[in-house]
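Trainee: I would like to learn how to read a structure like this one, feature by feature. Could we look at it together?

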Amino acid sequence: MYMLPTTSSKAVRVSLALLGMTHAMSYAADGAADPAVTDPHFELAPGYIPKERLPNSLDLLGPPPAADSAAFARDEEARKATIALRGGARATQARLDADLQFPQPAKNFSCAMGVDITEAQTPHLYRLMQKVLTDAGLSTYGVKNTYNRVRPFVVHNEGTCFPEQESLLRTDGSYPSGHTAAGWAWALVLAEINPERANTLFKRGLDFGQSRVVCNAHWQSDVDAGRTMGAATVALLQNYDEFRADVAAARKEVAAAKARHPAPSMECKAEEAALSEQ
């Protein structure tokens, strides 16, 4: 984890900044309504919302912080605060949160939900999470592709908690965080399904986003903007009959799961302890 490459950090910053400018100009010239998606996890399942009706991040978000801004100084301070966590239990949890291949996301929210979210036990809820991942993740790509912000592990010539993803992340804009958009959307929807666990689910959704900073894959402002897109996505989801039907079916599944198994089978105390590390 966090392996240090040999390339000069300054050279990487300059070359990737130029690449981002070129990409942004190309995107603006194309006027593309359907931006290229570089992370395949955001297209594993069809979403509920047609792509042309997703919340538009170009309308909702400004550009990422400039290098000489107070906002970027905050980004740097947030990154530095996580350095001490590298190699520990919080970084291990961040690695689990980085994995968007199901069933891992369902496992990541099972403790907060109070039941095991599985394809066998809660099929409607499991499917709902897959579809919301697509909607929330794709909602970020207008801004991602326009600015193509360089990620902190590249800027600082470091690694992440998930080295297997780094080649993909180098070509996927950092701002806003698609993982965070999905995680916050999941938290909001799961709280709608299981309101008794709402605050626990909200907290898990916040921690899921912060895992991206702990992982050194995103800046804090990427995470903040991702939450905006996740919330906007969930607001629009309420307009779709298929989504509302899946929410109703998921409520019944969760109620039945609670009656059979009052607590998930995962090591929830270990997860709670890891997420509490500062």
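Trainee: Does Ser57 count as buried or exposed, and at what relative accessibility?

Mentor: This is a predicted model, in which local features need pLDDT of at least 70 and side-chain atom pairs count only at pLDDT 80 or more, while totals for chains, interfaces and linings use all residues. Residues are numbered from 1 along each chain as its sequence is written, and side-chain values use heavy atoms, with hydrogens and water left out. Buried means under 20% relative accessible area, exposed over 50%, and partly exposed in between, with a 1.4 Å probe and protein chains only. Ser57 has 1% relative accessibility, so Ser57 counts as buried.

Trainee: Which residues is Ser57 in contact with, leaving aside its neighbours within four places in sequence?

Mentor: Contact means heavy atoms within 4.5 Å. On that reading, and with those neighbours left aside, Ser57 touches Ser139, Thr140, Tyr141, Gly142, Val143 and Met229. For Val143, the backbone nitrogen lies 3.0 Å from a polar atom of the Ser57 side chain.

Trainee: How many disulfides does the structure hold?

Mentor: A disulfide is a covalent bond between the sulfur atoms of two cysteines; here the term is applied to a pair of cysteine sulfur atoms within 2.5 Å. The structure holds 2 disulfides. One of them joins Cys111 and Cys268, with sulfur atoms 2.2 Å apart, and the torsion about its S-S bond is about -90°, so this disulfide is left-handed. The other joins Cys161 and Cys215, whose sulfur atoms are 1.9 Å apart.

Trainee: Where do Cys161 and Cys215 lie?

Mentor: Cys161 lies in the loop between helix H8 (152–155) and helix H9 (166–169), and Cys215 in the loop between helix H11 (198–214) and helix H12 (220–237), so the pair ties together parts that are 54 residues apart in sequence. Helices here are DSSP runs of H or I with at least four residues, numbered from the N terminus. Both Cys161 and Cys215 are buried.

Trainee: Which residues have the most contacts inside the largest nonpolar core?

Mentor: In soluble globular proteins, nonpolar side chains tend to be buried together. A nonpolar core is a set of buried Ala, Val, Leu, Ile, Met, Phe, Trp, Tyr and Cys residues joined through side-chain atoms within 4.5 Å. The largest one has 47 residues, and those with the most contacts inside it are Phe109, Met113, Leu125, Leu128, Trp186, Ile193 and Phe243. Helix H10 gives the most to this core, with 10 residues.

Definitions and conventions
Polar contact = N/O pair within 3.5 Å; in protein donor to acceptor, adjacent residues only side chain to side chain. Helix = DSSP H or I, 4+ residues; strand = E, 2+ residues; numbered from the N terminus.
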